[in-house]
Each structure stands twice: as C-alpha cells, then as structure tokens.
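Hi everyone, thanks for making the time. I'd like to walk you through a structure this morning, so let me put it up on the screen.

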Amino acid sequence: MRYDVIVIGAGPAGLEAARAAREAGKTVLVIEREARAGGILKQCVHDGFGVIRYGEKLTGPEYAYRTLTAAKAAGAEIKTGTFVTKISKTADGFKVETTSRAGMASDESLSLILATGCRERTPRQVDIHGTRPAGVLTAGACQNFVNLKGLLPGKRVVILGSGDIGLIMARRLTLEGAEVIGVYEAKSTPSGLERNLRQCLDDFGIPLHLKHTVTDVYGQKRVEAVAVSAVDDNMTPVGEKTIVPCDLLVVSVGLIPENELHESLGLKTAPATKGIDVDQYMMSADVPGLYSVGNALHVHDLVDYVSESAATAGRDVGKRRERNLIKTETEGLQYVVPQYIDASALGEKTIFYMRSPKYYKKAVVRLYADGELKQTKRVTNVRPPEMLRIPFSFEAEDSVRIVLEEDGV
Amino acid sequence: MTYIQRVRRALKKRGFEVGAEEFNGGVRLTGELDSWDDVVECGRLAVDKKRSRGVVNDITLRGYSPEPVRRPDTRDDSLDGYAPDVLVIGGGIVGTAIARELTRYKLKAALVEKEYDVATAQSSRNDGMIHAGIDLKPNCRKVKYNTRGNKLYDVLSRELDVPIERTGQLVFYTARWQKLVYPLIKLRASKNDIPIYPVSREKAKEYVREPGFNYGGFMCPSAGAVSPYLMSVALAENAVKNGLDLFVDTMVTGMEVKEGKIVSVATNRGTIYPKVVINAAGVFSDKIAEMARDRHFTIHPRRGVEAVLDKKSYPKSKTVLGRFSISGSSGKGHTKGGGVIVTIDHNLLLGPSARECPERENEATTREELDEVVEKQTALAPEIKRSDIITYFAGTRAATYEEDFIVEVSPVTKNFIQAAGIQSPGVTAAPAIAEDVALWAAKMISGGEAIPNENFDPTRKGIPVVREMTPAEREELIRSDPDFGEVVCRCEQITKGEILAAVRSPLKVDSVDAVKRRVRAGMGRCQGGFCQPLVVDIIAKELGISPEEVTKKGAGSAVAPYSEKGRRV
Amino acid sequence: MNERTLTCIVCPNGCLLTVDAAPDGTLNVGGNMCPKGVKFARDEIIDPVRTFTGTAATSFKDHPVEPVRTSGDVKIKEIARLAEYVNSLVLDRRYSPGEVIEENVLGTGAALIATGDMKEDTL
C-alpha cells in the first residue's frame with residue numbers, strides 16, 4: 001500500500017505523530033513490532049504521566065490508552081506484531097518492508113516517521129564483571145517481569161544507577177515485598193528526577209550511595225552477592241570492595257535511542273543525543289521527509305514532551321517543499337533539539353528541548369538570531385537529568401545561537 | 001642422570017623446594033608453594049616429552065582451598081544399572097564429536113554431561129576459529145588433528161547444516177626482520193600440509209594501516225570461523241538421531257576399577273556399567289583419568305577473556321588479523337596472542353587473553369583482564385571503540401604441562417580411552433580426534449574390526465535462520481508456520497518460530513541460555529533486555545510449565561522465581 | 001523559626017519549596033510556582049500523601065496482572081497496607097482504564113481503579 005506517511009513504532013511518540021498527521025488529512029500507517037500498541041508505557045504502572053498534557057497524574061497504561069484511543073479515533077491504521085526488516089529511499093519517498101504472522105509485506109510512503117524509542121544500556125556496558133548467573137536484569141526487563149507478568153525476580157535487591165527507571169523499580173519491588181538494600185550511583189549527583197528520589201527512595205527509607213558502583217557479580221546459578229566499590233571522578237573504582245549479599249541486581253544505567261533504522265539509511269548518529277539531527281518539526285536535516293520523534297530522537301524525561309514534539313512532526317507531514325536550514329549554535333549546553341532551524345518556516349513559537357551539563361540554582365537561557373539577542377528566559381533548579389523546554393518567538397535569516405549560563409554572573 | 005634426577009635438579013636450581021617422584025611413567029611433583037605461577041612453573045620445568053609420559057603436578061597453593069566443583073542438583077537412580085557399550089564423559093565439542101562418530105558403528109553409545117546443556121564450558125567460551133595451524137609445532141598431536149580436522153569441517157558443515165566460513169588468517173610482521181623467517185614458516189607449513197602464501201606490504205596495508213604493522217605478512221587461507229556451540233549442539237543432535245543416549249545434569253563421581261579395567265562408573269543418577277569409557281572431560285579430564293587409574297598429566301587451567309563487539313563495528317574484511325610472534329610460531333608460546341576475529345555471526349571478537357589460575361570453573365571476568373584484551377587488540381584495529389563492546393566472557397582452557405593433546409588408548413586401564421587436555425585448537429581438531437577415538441572404541445567393542453552401523457544418517461537439519469533468508473523464502477516459511485513471521489529478539493531478528501524450534505529440538509532445551517546457544521536470541525546489543533521476558537513465556541508455554549520455573553541456565557537458576565501475587569484475602 | 005526545603009513532586013516543574021514554621025504553628029510556603037505547591041508542602045510536613053500504584057493478579061492467562069491505582073491521594077502511612085491488600089487480590093473480570101475495582105478501598109476514601117486495558121491481549 002501507499003500512504004502519505006508511515007510511522008514506525010506505536011508508543012506515545014508514534015501514536016501521537018500518527019494522530020496529528022491523520023487529523024491534518026494524511027493517510028497514515030503505524031507499524032508496531034510488539035503485540036500491543038503503547039510502547040514502554042504499558043509496563044510503567046506508576047503515576048506521574050500527563051500532568052502537563054492532561055493536568056492529571058495518570059499511570060503509563062492510562063496515558064498509552066488515551067493516546068491510542070485518540071490515534072484510532074483519528075483513523076490511523078495500526079499494524080501490531082509487525083517488524084520492520086528494511087527501510088529504503090525511493091524516488092519520491094520511502095519503502096518499508098516488514099514481517100509478521102501474516103507474511104512479508106512492503107509499503108510505501110512520501111514521509112516516514114521513526115518513533116522506535118530507546119533501549120537500555122546493559123550491565124556489561126558499565127564494566128560489571130564477575131559471573132553471569134540469573135538475577136541480573138536491566139531495570140526495564142525487571143519492570144516487564146514484575147508489572148506485566150506478576151513475577152518477582154528476587155527478594156533482596158541491589159540497584160545500580162539512580163536513573164528514573166531504577167528509582168521507580170526500587171519502589172515497585174519494595175511494594176511487591178522485596179527488600180531493596182540500596183541504590184548505587186557512580187556519579188556524584190543522582191540521575192533521576194528529584195520527585196522520584198523523594199517518592200521512591202525517601203518514602204521507603206532506601207539509601208542512595210553516590211559515587212559508588214557495582215563492580216562484580218558473584219554466584220553460579222543465581223546471584224548470591226555483588227561487590228560494591230567507591231569510584232573516583234572518572235568513575236573508576238577505587239579502594240576496597242564491599243560484598244553485599246543479594247539475589248537480584250537491577251541495572252538502570254541509561255537509555256540509548258534505537259538508531260539502527262536511521263543508520264540503515266546512511267544517516268549519522270549525533271554523539272550528544274544518539275539520535276539524528278532535525279529541524280524544529282523533527283524532520284531530518286539530511287533527508288527531507290524523514291522524521292524522528294520521541295526517545296528515538298533524544299531521551300526525554302517526560303512523556304508529555306514526547307507527545308508534544310511528536311504532534312509537531314505529525315502536523316508538518318507533507319507541508320514543506322523547500323527548507324532554509326541554519327544550524328542551531330549552542331553554548332553551555334549538553335545538547336539542544338532541534339539542531340537546525342528551517343528559517344523559512346518559523347512559526348509563532350519554536351520550542352527548544354535542551355539539557356544542561358551541570359546544576360544551576362538560577363540560570364538564564366538566551367537566544368540570539370542573526371547575531372542579535374532576541375530573547376532571555378530565566379530558569380531555576382536546572383539539573384542535568386531534567387530536560388529544559390523553552391519556547392522562543394523569533395525570526396532569523398542566517399544564524400541562531402542558544403546560550404545557557406548562570407544567572408547573575 | 002635419570003629423567004627424575006634431572007627434574008629434581010632443575011627444580012632445585014630454581015629454588016623450588018618440592019618433591020619429584022616417578023609416577024605412572026612420568027613424574028609426580030608434591031609440595032606446597034606460595035604462588036600459583038610458581039606451581040605452574042614447576043610443572044613446566046618437569047616436562048620431558050621424550051622420556052616421560054607426563055607431569056602430574058600435585059603441588060598445592062598455600063592457603064588456597066579449591067572451589068567445590070559445580071554439581072548438578074539432580075539426584076536419582078534413573079541410570080542405575082544402565083549398561084551401554086561405550087560411555088563418553090563430557091559434552092563439549094570433543095565429547096559430542098566422539099559421540100557422533102561412535103554412532104557410525106554398531107554399538108550402544110551414551111554420553112554424560114554434568115551441566116544442563118552441551119557445550120557450556122570451553123566449547124562455548126572460545127573464538128570459534130577454524131585454525132589453519134600455522135603456529136603449531138610439527139609432529140605434535142595438536143598439528144596432526146588440527147590439519148585433519150580443518151579439512152573435515154567442509155563435510156561436517158554440509159552434513160550438519162552448520163555454517164562455516166573460510167575467512168583466512170592474515171599474520172602481520174611487526175618488525176622488518178621477521179620477513180626473513182618466511183622461508184622457514186613456508187617449509188613448516190608444507191610439512192604440516194597447511195596452505196600459505198606471502199602478503200606484500202601494500203596488500204597488508206589494505207587490512208591494517210597502523211604504524212608497526214607495515215611490514216607485510218602471510219596469509220593462511222584455510223583458517224575460518226564456525227559457531228563452536230552450534231557445532232557441538234549439531235553433533236549431539238545428530239548423534240542422538242543415530243541412537244546416542246545423552247544425559248545432561250549427570251556427573252561422574254567415581255569409578256570402580258578392577259584388574260586394570262573399569263567395571264562401573266558412579267554418577268549422581270546411579271551406577272553405569274559401560275564396556276568402554278572415553279574421557280572427554282575438558283578441564284576435569286585429569287580428575288577422570290585419576291578415577292580410571294591412569295593419571296599421567298595435570299590440567300593447569302588457563303583463563304582467557306574475550307570481548308564481543310556490536311555488529312555495527314563489523315569490519316571491511318572478515319579475515320582474521322593476528323600478529324607474528326616468534327614464540328607462538330615456534331610452538332613454545334601458550335597463546336597465539338589472540339587477535340581480531342570476525343565470528344561466523346559477524347560480530348567482532350577481541351582476545352583471548354591467557355592467564356594461569358588454580359580454578360577450573362572460574363568463568364568470571366575481571367576488569368583488569370578485559371582492559372588488557374582491549375588495549376592489546378585495538379592496536380590492530382584502532383577504530384574500535386570501547387563502547388562498541390556489548391559483552392565479554394571468560395573461559396578456561398584445559399592445558400597440560402606438555403601443552404599437547406592426549407589422544408590415546410590407555411596403556412594402563414584396558415577399557416579406557418582419553419581425549420584429554422584438549423585446548424586450542426580443540427574446536428578445529430575435535431572432528432579428527434573423534435574419528436580416531438571412536439574407531440578405537442568400536443574395535444574394543446567388536447574385539448576385531450569395527451562394525452559399521454548401516455542405518456547411520458550423517459545429516460541433520462538446522463533451525464532455519466530467518467534473518468538470512470530472502471523475502472520470498474521468508475514468505476514461504478511464514479505460510480507454512482506463522483511463528484516464523486513473529487520477531488521476538490529484535491536485535492538479532494530471531495522469530496518465535498526459531499525459538500520454538502530450539503525448544504522442540506532433540507536435546508533438552510528448557511532454559512534461556514540453551515535457547516540462546518541455538519538461535520542467538522538475546523545475543524545482540526540489548527543482551528536480552530527486551531526479549532528475555534518473551535523467551536521465558538515461550539519456553540513456559542511450550543513446555544507446559546509456569547514462567548517462574550523457567551531458568552537461565554538449568555536447575556537453580558530461575559529467571560524470575562517468585563510468583564506470590566493473588567493469594568486472596 | 002524552623003525552616004525546611006522540599007522539592008515539590010506534584011508536577012515536573014519540581015519547585016524547590018521553602019517552608020517556615022512560625023511559632024504559632026502556621027506554615028509559610030515559598031518558592032512555589034502555583035498554589036498546588038502550598039498544599040503539597042503543608043501535607044508533606046503534617047501528613048504526607050501519595051497516589052498508590054501497583055498491580056493486581058487476574059484470573060486471565062493472557063493478562064496475568066492488571067495495573068491499578070488509587071483514584072486520588074492517600075496517606076503515606078496507608079501505602080504499605082494498600083500494597084499488601086492489592087497484592088492479595090485476584091481480578092475475575094476484564095477492566096478498562098479508569099473503571100472502579102473497589103470504592104473507598106480499605107477506608108482510605110479513595111477508590112481502587114484499573115488503569116490497564118485488559119480487553120486487549122497483553123502477551
């Protein structure tokens with residue numbers, strides 16, 4: 001079949017992009033590899049989703065349900081249990097080849113939206129050594145067993161990494177009757193949101209050990225203990241190892257956008273975001289008609305922003321023929337999305353998503369266009385784990401520059 | 001001066017206060033030392049391949065109590081009184097290859113393996129290289145079996161439906177003078193029947209551009225790659241098809257030997273009464289030899305760590321890259337120095353390292369060893385980033401002090417055959433070792449010429465590898481079974497159909513790692529993060545057990561062992 | 001004067017709140033960007049509340065557990081009891097998100113509601 005747009009991935013990003021495109025009158029096909037739509041939200045049974053978007057504290061499944069219902073109501077066609085085996089460029093768009101229980105299929109579209117989400121860094125990618133028994137799980141895999149299958153993978157738990165999923169799992173496992181001995185974090189500051197530190201650790205008296213990491217796993221068949229060590233500023237273990245008996249090690253050490261599909265189109269992965277470079281409508285700077293949204297573009301802290309940016313992409317499908325791209329220069333930031341601005345299509349507001357490399361109690365974000373300071377936004381309590389979302393209104397012809405610095409310097 | 005006197009003098013000269021006595025045609029060392037390296041060094045000093053059957057090194061390490069052997073949890077008498085003609089001990093690639101060869105003859109063969117699956121130890125923990133054998137000394141058993149085994153792989157691959165790839169091995173000179181040694185290498189290669197040709201500086205640069213590697217080298221085109229665990233599985237499956245009785249979770253705990261003959265073999269599942277016993281017990285082969293009363297060697301475990309890289313770092317060339325080393329090439333060195341190897345599944349592999357250690361089953365990796373491997377091998381391939389490493393593993397090689405294979409009919413215990421001390425290039429050599437060993441066993445059973453099994457079928461059909469099929473082939477397969485359309489492991493594109501085929505295959509497959517060994521589910525960049533819960537479900541449903549019973553690697557290793565929700569109030 | 005700082009967890013803004021307890025017991029809250037912050041700070045100091053989330057077992061093989069939550073905030077001290085109770089439940093019918101499983105669960109004043117769509121296959 002031929003569609004205006006094919007969306008790969010039916011998580012919150014893909015579904016919302018599909019809804020927006022469909023409501024703009026486009027024909028849409030959403031392809032999802034899992035048996036059910038909803039993405040990772042299906043297993044995020046905790047609340048806190050949708051506060052910005054819906055003004056309500058929803059659970060992941062509720063947020064997914066709303067998004068899915070809206071996409072379906074808009075008339076998006078969704079194929080679940082369908083796995084993309086290959087994407088390629090055609091003369092005027094894209095070809096997407098898939099496999100499913102129904103067989104092999106091939107569909108074409110003018111535009112393509114990649115909404116493939118992200119995956120977890122593995123224990124081995126953070127230099128955990130020792131044996132390889134059962135009872136070492138990434139936080140996401142652990143969440144799947146606990147929240148979708150109702151199984152408990154262990155009763156005495158050590159968590160490595162203070163990322164949000166790790167913190168959330170500390171609480172979930174506690175509520176399921178396990179004892180969480182502690183959360184260890186190699187960095188000197190926590191990686192998760194402040195609110196999760198509070199309601200997942202402090203509420204339950206679970207200790208957080210900063211500048212500590214798990215170095216080794218012991219046990220032949222099941223985990224019997226782990227070794228914990230202090231680390232220096234380069235996160236290299238120093239000093240004596242402490243043996244902590246446990247039967248489960250949960251590892252929550254970061255997320256990486258799934259970038260295999262865009263790489264198969266020959267697109268480079270940007271080192272800062274691990275996604276591709278896009279303009280303010282999430283369209284690839286290099287391949288017109290190709291969009292990347294959600295955690296496949298960069299890892300978000302809140303699903304509300306995933307939905308927002310995905311809808312921006314969905315609405316843009318098929319709208320622009322020519323672009324005048326200028327690179328977004330940055331200073332004092334880990335990264336900013338969009339990395340490019342289509343100067344010929346600047347709307348009333350352009351939203352920038354960015355991350356700070358360090359903590360600021362008070363900071364200021366300045367936007368310069370064509371060398372002139374256009375706007376200044378003050379921000380407080382800036383923390384690297386928390387994304388900054390700043391809408392700017394401006395016009396530009398040949399340069400855009402965003403600067404983050406401490407306020408009052 | 002006798003051999004023993006010479007050994008004593010050599011030990012004394014080095015200041016080792018240990019005993020050396022004649023023992024079973026060789027020498028036995030006793031005493032206690034403070035360093036494991038010294039223990040190993042004493043063993044090496046005692047080697048005399050001409051005058052001694054071997055070194056039995058019973059020197060202990062002060063303060064070290066050996067880790068208990070990993071034992072199966074099973075304890076029953078289901079095998080009590082069982083009396084096969086031939087019993088193979090050990091289900092690694094050597095044991096399974098022997099078992100398959102045995103089924104070519106008219107006899108009842110059995111194989112026992114103490115782990116939950118075949119090929120869990122050394123046979124899974126190596127680089128899967130089909131060695132050319134260029135670094136092996138002439139006239140040793142290693143080179144004899146390696147050369148023959150290398151040739152057998154083409155037939156084996158066809159018969160057992162296990163892919164191999166002849167990628168070739170390029171050995172780089174690391175100094176200008178090394179080029180001068182080529183005529184000698186060439187001469188030895190032709191003696192050992194190994195194809196080889198020189199590679200010019202210009203040509204070598206196409207592979208590696210780094211300074212220090214620009215002196216050219218030589219190519220061994222018969223080198224290749226195989227999945228060593230898939231090959232072991234295939235050998236075992238084909239053997240079972242031809243009548244082998246295979247028992248996993250079954251550990252030999254002792255033997256009754258009377259008048260130079262093994263009468264019975266005790267296991268955790270009862271006493272077995274085989275006519276002939278074959279030792280293919282890998283790192284425990286000296287322990288089995290001791291039970292059979294013909295211990296004339298000692299295994300000193302040598303650990304190796306290897307790193308597996310993301311498929312994205314797949315190189316331009318599949319050729320194995322290695323560096324010339326004079327000790328390796330003279331047969332004196334104990335590792336080929338490792339290299340950058342492309343596996344049959346197109347992952348890059350770095351390693352292995354080599355480190356002597358007292359533990360036989362220590363499969364734990366250490367950061368130090370991984371760093372060593374990465375540092376050494378990235379010199380050949382500087383484009384490799386540490387972040388491309390998706391996993392790493394350690395294995396223990398079953399090295400003897402003679403550093404050669406022991407493949408022999410025991411001259412001491414009449415019904416005992418040894419295929420012991422098999423380390424690198426054991427994967428390559430296994431099919432050739434198996435030919436000899438099985439023939440000897442068959443002759444013992446018949447008392448004369450070996451009698452062929454007329455019903456022997458050498459073929460085995462592998463599980464379809466869906467990701468490598470054309471869309472048309474996939475479509476056809478999905479039509480016959482929709483499970484082959486459902487992708488479960490997203491990184492490696494493994495379908496539910498492949499996983500089910502693994503669970504339904506001839507050996508017992510009821511764990512996540514056994515599935516992984518057969519179809520690669522969970523071997524990709526996410527290392528099973530996404531597919532493990534799905535694989536657990538598929539295994540549970542297919543076997544009719546609850547998901548909390550599904551293990552990672554056999555009894556006692558449940559992935560998610562507790563299911564306590566829903567006890568109504 | 002007794003001053004405390006708290007991070008507001010009501011919304012992602014995560015305001016850093018300062019709470020001053022005057023000698024007469026009244027609480028003055030600062031640093032909040034909206035009125036919810038004031039309520040949060042007062043609750044947090046006097047009797048903290050949270051929404052409970054978890055899962056309940058079901059009798060359906062294709063959907064072994066159903067995610068659930070309380071319809072609103074409950075006192076933190078009720079959470080452990082709620083968890084134990086919810087962990088013991090077995091749901092015998094298929095719920096849709098938002099459907100009430102039990103009103104005024106354990107007398108907390110909040111309802112226990114289903115949040116997952118059980119009408120679709122999970123596995």
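Let's begin at Ala363(A), which is buried, with a relative accessible area of 0%. Buried here means under 20% relative accessible area, exposed means over 50%, and partly exposed is in between, with a 1.4 Å probe and protein chains only. Before I go on, this is a predicted model, where local features need pLDDT of at least 70, side-chain atom pairs count only at pLDDT 80 or more, and totals for chains, interfaces and linings use all residues. Residues are numbered from 1 along each chain as its sequence is written, chains are lettered from A and ligands numbered from 1 in the order in which they are written, and side-chain values use heavy atoms, with hydrogens and water left out.

Back to Ala363(A), which sits in strand β25 of chain A, residues 360-369. Helices (H or I, at least four residues) and strands (E, at least two) are DSSP runs, numbered from the N terminus. What does Ala363(A) contact, leaving aside neighbours within four places in sequence? The partners include Lys377(A), Val379(A), Val382(A), Leu404(A) and Asp407(A), where contact means heavy atoms within 4.5 Å. Val382(A) is 19 residues away from Ala363(A) in sequence, and the two C-alpha atoms are 7.2 Å apart.

Now for Arg401(A), in strand β28 of chain A, residues 400-406. Arg401(A) has 33% relative accessibility, so it counts as partly exposed. Not counting residues up to four places away in sequence, Arg401(A) touches Glu329(A), Glu331(A), Arg366(A), Leu367(A) and Tyr368(A). Ile351(A) lies 50 residues from Arg401(A) in sequence and 14 Å from it, C-alpha to C-alpha.

Next, the cores. A nonpolar core is a set of buried Ala, Val, Leu, Ile, Met, Phe, Trp, Tyr and Cys residues joined through side-chain atoms within 4.5 Å. The largest one has 58 residues, and Ile8(A), Ile87(A), Leu112(A) and Leu290(A) touch the most other members. That core lies between domain 1 (1-119 + 256-321) and domain 3 (324-409) of chain A, because both give residues to it; the domain bounds come from an automatic or database domain assignment. Leu290(A), leaving out residues up to four places away in sequence, has among its contacts Phe94(A), Leu112(A), Leu265(A), Ile276(A) and Met283(A). A second, separate core has 55 residues, including Ile164(B), Tyr229(B), Leu235(B) and Ala450(B).

That takes us to chain B, with its 15 helices and 28 strands. Of its 569 residues, 61% are buried. The C-alpha trace of chain B spans about 80 × 65 × 55 Å along its principal axes.

Finally, the interfaces. The size of an interface is often given as the accessible area lost when the parts come together. For us, buried area is the accessible area (1.4 Å probe) that two parts lose on being put together, summed over both. Chain A and chain B bury about 4400 Å², with carbon and sulfur atoms giving 51%. On the chain A side, Arg101(A), Arg132(A) and Lys221(A) lose the most area to chain B, together 17% of what that side buries. In this contact, 47 residues of chain A meet 56 residues of chain B.

Chain C and chain A bury about 2900 Å² between them, 54% of it on carbon and sulfur atoms. In chain C, the residues that lose the most area to chain A are Ile9(C), Pro12(C) and Thr53(C), together 19% of what that side buries.
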